[in-house]
Amino acid sequence: MSAPRLSSHTLASLPHTIAQPDFDRDRLTAGIGHLGLGAFARAHLAAYTEPLLGDDPDWGICGVSLRSPAVRDALAPQDYLYIKAERDGAGEKLRVMGALTDALVAPGDPAAVIARFAQPSIRIATISVSEKGYHRRAADGALDEDDAAIRADLAQPERPLTVPGIIVAALRARRTAGIPPFTVLCCDNLPDNGASTRGIVLRFAEMLSPELARFIADNVAFPNSMVDRIVPATTDDDRQRITAAAGVSDAASVVCEPFSQWVIEDHFPLGRPTWESTGATMVADVKPYEIMKLRLLNGSHSAIAYLGQLAGLPTVADAIAEPELALFVSHLMTEAAATLRMPAGVDLAGYRAALIERFRNPALRHRTAQIAMDGSQKLPMRIFAPALDLIAGGRPAPCMALVTAAWLRFLQQRDDNGSPLTVDDPNKDKLLQAARNADTPRSLIRQIFAFSDVVPTALAASEVFESQVLGALTSLSTSGARATLQKFNHREEYREKHNETAAHRLPADRIPAGSRAGSAGAR
Ligand code: CS2
């Protein structure tokens, strides 16, 4: 017999071991409009907000899907309830989440999204749409004005489907109605993510009306934030396991690690939930934390993803269990750490060690193929930016070069056993065309490095970097990922550096305040 569906009506039948919303959901109003209702927001933003709703029911979340109705269709019959499963080697903790008030789908009815975001009760517009959802030129962060979706929104600004299109239309509607603008809070892995979002929104607005752009520039806050929680795509196995434990079926479950972190610049003119009381850290300057996370966590993730894909390793945990790959990640972190300037009080050595433990989480099936997606959007900030910092400072960047080479090799769509690999990337057509045209490793590098929207021209022009990438790519092509890592890790310079980790310890003794395992929304 199939299990009944999770909903307000079936909540009472759940085992007591599964936590439930402890506030009156009928009193909720949406104070947050969220663009991008994927698993990440349901496991992160919602987890930090949920515990506050008993005291302050005005901060419910109205979610908007920007592409398909699938998540709305999964949530609507469940009264927008879903189960969050935090998992690690010690076990699994389930919690029914009740912070969502409703969900809209932009492609079905963009006008409804604008109308909703124009309501005075919405005071913050949060966004998690992944890197490609901003339609930015990855190498310099500017709005990609030639992007087809951006052009379509500029042609029909009252029916927008992109992030800048929706934000600008909603801000315009509020202004016309005399309602003060909401704060825009980016929750994606972009450097200076608030400022980046502001740049994109302003450029979009400017192309419609310079006067509107000036209004936004003068009146809308775009605080920066650093978000962190590993949330792999939910699998059928996850759903079956959760159904078996809960006795109800849930088409919108999310599975995540216990760890989470949120560092937020405290600039919310219309107010905000007291996120600091659920574990977020409010600071004046988020940038060092963002760069640390992008270069250490996400940079390592991309390394694991491409090398793992080449070596036939399906998950992050499989990959990090390979000693040579783990050693390489440690070298990569050392190289990246040399580009960071952290405030006193941040223990980078502790942060790095915690990352390796998180990558080892045996209870998450975080697929290397998932992280390998959208490389042209991710590598610029994770790998190319630190590489450029190093090269510009006259230092070599051999680990960054090796990750770049692994990505180029991945674009050839064969792993080390000759099995096919799938490239999923908004720039896929031109990247794969270039990869097919290239008949030597050098020509592959040159063709991809010629895309100035992806690879910063200053990095592409570096002979030192090109020759490091060439060495690594030649080795990956002839000997495969494992042999390349083996050779690379045991180079003289690394043998000398093995005992040097203490040199990267900065003044204090803690991971940045606010980072903690398992507390967000876990009560
Ligand atoms: C990952 C991130 O898929 C990816 O590119 O690197 O989604 C990563 O899991 C999160 O940023 C962790 O906070």
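Reply: What follows goes through the sheet strand by strand and then turns to the helices.

The model is predicted. Its open sheet has five strands in the order E5-E2-E1-E6-E7, and their pairing is parallel. At the edges stand strand E5, residues 100–105, and strand E7, residues 183–186. Each of these has a single partner strand, so one side of each is left without a neighbour in the sheet. From one strand to the next, the twist averages 20 degrees.

Within the sheet, strand E1 covers residues 30–35 and strand E2 covers residues 60–65. These two strands are paired in the parallel sense over five bridges. Ile 32 has Ile 61 of E2 standing opposite.

Now the pair of helices. Helix H12 (residues 323–337) packs with helix H20 (residues 463–489) at an angle of about 50 degrees, and their axes are 9 Å apart. H12 and H20 are therefore oblique to each other. Their crossing is left-handed. On the H12 side, Glu 324, Leu 325, Leu 327, Phe 328 and His 331 take part in the contact. They meet Leu 485, Gln 486, Phe 488 and Asn 489 in H20. The residues of this contact divide into five nonpolar, three polar and one charged.

Key. Residues numbered from 1 in each chain as written. Predicted model: local features only at pLDDT ≥ 70, side-chain atom pairs only at ≥ 80, totals over all residues. Heavy atoms only, no water. Pairing = 2+ DSSP bridges. Helix = DSSP H or I, 4+ residues; strand = E, 2+ residues; numbered from the N terminus. Axes fitted to C-alpha atoms, helices over the stretch in contact; angles between N-to-C directions. Parallel < 35°, antiparallel > 145°, perpendicular 65-115°, else oblique. Left-handed = near helix turned anticlockwise from the far one by under 90°. Contact = heavy atoms within 4.5 Å. Nonpolar A, V, L, I, M, F, W, Y, C, P; charged D, E, K, R; others polar.
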